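Student: Hi! Could you walk me through this structure?

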Amino acid sequence: MSKEVPPLEIKLKRTDRVYCDGEVVAGTLIVNSKEAISHQGILLTMEGSVSLQLSAKSVGLFEAFYNSLKPIQLVNVTVELRKPGKLPPGRTEIPFELPLKSRAEVPFYETYHGVFVNIQYQLRADVKRSAFNKDLTKTLEFFMEHSTAREPGKKVTFSVNPQSVENAKDRGRTPDFLVEGELLSCTCSITEPLQGSVRVVRSEQPVKSIELQLVRVETCGCAEGYAKDATEIQNIQIGEGDVCRNFDIPIYMTFPRLFTCPTLITDNFKVEFEVNVVVILQSGDMVTENFPIKLIRAAK
C-alpha cells in the first residue's frame with residue numbers, strides 16, 4: 001500500500017531545524033497535486049511568540065493579569081513565494097530563504113515548551129484559493145538556540161539532618177539521619193550533565209529510595225503582581241532500597257531538550273530551574289535538599 005503524499009510540505013535544509021539569531025532559514029515548499037491548481041498567491045510566514053498562561057490557582061487571584069498575558073510577538077514576517085496563477089499537476093518545488101534578525105527591544109529567546117510559558121517559532125505556508133476552494137496550509141516548527149560564554153562553576157556541598165530540615169511537623173518524632181553530598185556546580189551548561197554525589201552517613205530508619213528531581217519555576221506577571229508556579233520536569237531514581245552507608249552514589253542527570261532552556265528573566269516572565277535531592281525512608285519520612293540552578297548554553 002503506497003503512502004499518501006501530503007498536498008503541502010515544508011522541508012528545511014537543516015535536518016535538526018536549529019538556528020541562531022542572524023542566520024538564514026532556507027528550504028523548499030513542495031506542492032503535490034494530481035491536477036493543476038489555480039491559486040490566489042502562495043505565502044510563507046515566519047512566526048515567533050511567547051505564550052503566557054495562568055495556573056488554575058492563580059486565575060481568580062490575578063484578574064488584572066489578563067491584559068498583560070497577551071502573547072509577546074518575537075517575529076512575524078510574510079513573503080510572497082508565488083503571485084496568483086496556476087500550478088501544474090504533479091510536484092512543484094519552490095525554494096525560499098528567510099533571514100532571522102531580532103529587534104533590539106525584543107530579542108529572540110530560546111525555544112522552550114513549558115507549562116505556563118511557551119516560546120515557539122514556526123513557518124506557515126498558505127496556498128490561497130478561490131472562495132469555493134479551501135486554502136492549503138502547512139506549519140513546521142523550527143528551534144532557536146543562543147550560546148553564551150562559559151561561566152565559572154563552584155562546587156556546592158550539603159549536609160541534612162533532623163535539625164536542618166525546614167517545615168518539620170514534629171522534630172521529636174523525626175528519625176535520626178545524616179545525608180551528605182555535593183554538586184560540582186549550580187551553574188550548568190544545558191548540553192552537559194549535572195554531576196555530583198550523595199551518601200547516607202547514618203539513618204535510624206531503612207532507606208526506601210533516593211531520587212533526583214528537576215523542577216521548572218515559571219513566573220508570569222506585571223507591575224500588579226506575579227504568579228509563580230513550580231512543576232516537575234523529570235524524576236530520576238539514583239538509589240533503591242536500604243543503600244550502603246558512607247557510599248558515594250553518583251548524581252548524573254542530562255537536561256531534556258525543549259523542556260529546559262537557559263535561565264530566562266524578563267519584565268513579564270521568568271523561567272528558572274531547581275534540583276531536589278530526595279531521600280525517602282521506609283517510615284514514610286522524606287528528606288529533601290533544594291538547589292536553585294542556573295542554566296546556560298555554553299559556546300563550544
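Student: What should I know about the model and its numbering before we start?

Tutor: This is a predicted model, in which local features need pLDDT of at least 70 and side-chain atom pairs count only at pLDDT 80 or more, while totals for chains, interfaces and linings use all residues. Residues are numbered from 1 along each chain as its sequence is written, and side-chain values use heavy atoms, with hydrogens and water left out.

Student: What share of the residues is buried?

Tutor: Of the 300 residues, 45% are buried. Buried means under 20% relative accessible area, exposed over 50%, and partly exposed in between, with a 1.4 Å probe and protein chains only.

Student: And the contacts, what share comes from residues 24 or more positions apart?

Tutor: Such pairs account for 71% of the contacts with a separation of 6 or more. A contact here means heavy atoms within 4.5 Å.

Student: Switching topic: how many cavities of 30 Å³ or more are there?

Tutor: One, and about 30 Å³ of space lies in the largest cavity. On a 1 Å grid over the protein atoms alone, a cavity is a set of points where a 1.4 Å probe fits but cannot get out; a pocket is an open set with protein on both sides within 12 Å along at least five of seven lines, and lining residues have an atom within 4 Å of a point. Grid points are joined across faces, edges and corners, and the volume is the space filled by probe spheres set on the points.

Student: Which residues line the largest cavity?

Tutor: The lining is F158, V160, V179, V277, V279, V287, T288 and E289. Strand 12 (156-160), strand 20 (269-281) and strand 21 (286-296) each give two or more residues to that lining, and strand 21 gives the most, with three. By class, the lining divides into six nonpolar, one polar and one charged. Ala, Val, Leu, Ile, Met, Phe, Trp, Tyr, Cys and Pro count as nonpolar, Asp, Glu, Lys and Arg as charged, and the others, Gly among them, as polar.

Student: Where is V179, then?

Tutor: V179 is in strand 13 (residues 177-183) and is buried, at 4% relative accessible area. Leaving aside neighbours within four places in sequence, V179 is in contact with F158, S159, V160, V198, R199 and V279.

Student: What about the second largest pocket?

Tutor: The second largest pocket holds about 280 Å³ of space. Its lining has 15 residues, of which H146, T148, P262, T263 and L264 lie nearest the centre. Strand 21 gives the largest share of this lining, three residues. The classes are eight nonpolar, three polar and four charged.

Student: Loops next. What is the phi of N246?

Tutor: N246 has a positive phi of about 55° although it is not a glycine. Most residues other than glycine have a negative phi. N246 lies in the loop between strand 17 (225-240) and strand 18 (249-253), and is exposed, with a relative accessible area of 54%. L258 also has a positive phi, of about 75°, without being a glycine, and its place is the loop between strand 18 and strand 19 (264-265).

Notes. Helix = DSSP H or I, 4+ residues; strand = E, 2+ residues; numbered from the N terminus.
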